Amino acid sequence: VTVTNNNIDHVNLGFTPGSSDFPLAAIMVQSNCATVCNTVRSDVRGNTVPGGSSFDFTTGYITLIETSTSTLELVDNPAGSADCAAQLGSNNTGSVGVSGGCSLIPGPINTP
C-alpha cells in the first residue's frame, strides 16, 4: 500500500472537527487476521492531515494498525527512524498513531 502526497483538510470543506464530533482517521492502514493472517507493507509519506485527536483505533489522523498475529511493515524513509510512529511523524504533517506492532523495512516496495 502506497499513500503519498495527500492533503486532507476538513477546514476547506467547511468543517472543523472537534472531539465531540468523533472524527475518524483521515488515513488508516490496517493488517488483520480474517481466516488467514495478512502481511501488509506500506509506504506512507508526504501527507498532510489535521493535528489534534481523532476518535478511532488511535488518536492520530494517520493511523497504522496491526491486529492479532498479522504483520504490518512500514518503509523507513529515510532510513534511521526509531520506530513506526517516529517514521510517520517525521515524513507527514499532522497527528499520527500506531496500534499494535509495526516494523520498519527498507524501501521501495517491489511489485510482486
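Strands are DSSP runs of E with at least two residues, and helices are DSSP runs of H or I with at least four, both numbered from the N terminus. Two strands pair if DSSP finds at least two bridges between them. The model is predicted: local features need pLDDT of at least 70, side-chain atom pairs count only at pLDDT 80 or more, and totals for chains, interfaces and linings use all residues. Residues are numbered from 1 along each chain as its sequence is written, and side-chain values use heavy atoms, without hydrogens or water.

An open sheet is built from four strands in the order E1-E5-E7-E9, with parallel pairing. Strands E1 (2-4) and E9 (103-105) stand at the edges; each has a single partner strand, so one side of each lacks a neighbour in the sheet. From one strand to the next, the twist averages 30 degrees. Angles run from 0 to 180 degrees between N-to-C directions, with axes fitted to C-alpha atoms, for helices over the stretch in contact. E1 pairs with E5 (residues 39-45) over three parallel bridges. Val3 has Val44 of E5 as its bridge partner. Helix H1 (residues 84-91) packs on the sheet and touches E5, E7 (71-75) and E9. Contact here means heavy atoms within 4.5 Å. The direction of H1 makes about 40 degrees with that of E7.

The whole structure holds two salt bridges, each defined by a side-chain nitrogen of Lys or Arg within 4 Å of a carboxyl oxygen of Asp or Glu. One joins Arg41 and Glu73 (2.7 Å, N to O). Arg41 lies in E5 and Glu73 in E7, so the pair ties together parts 32 residues apart in sequence. Asp43 and Arg45 also form a salt bridge, with the closest N and O atoms 2.9 Å apart.
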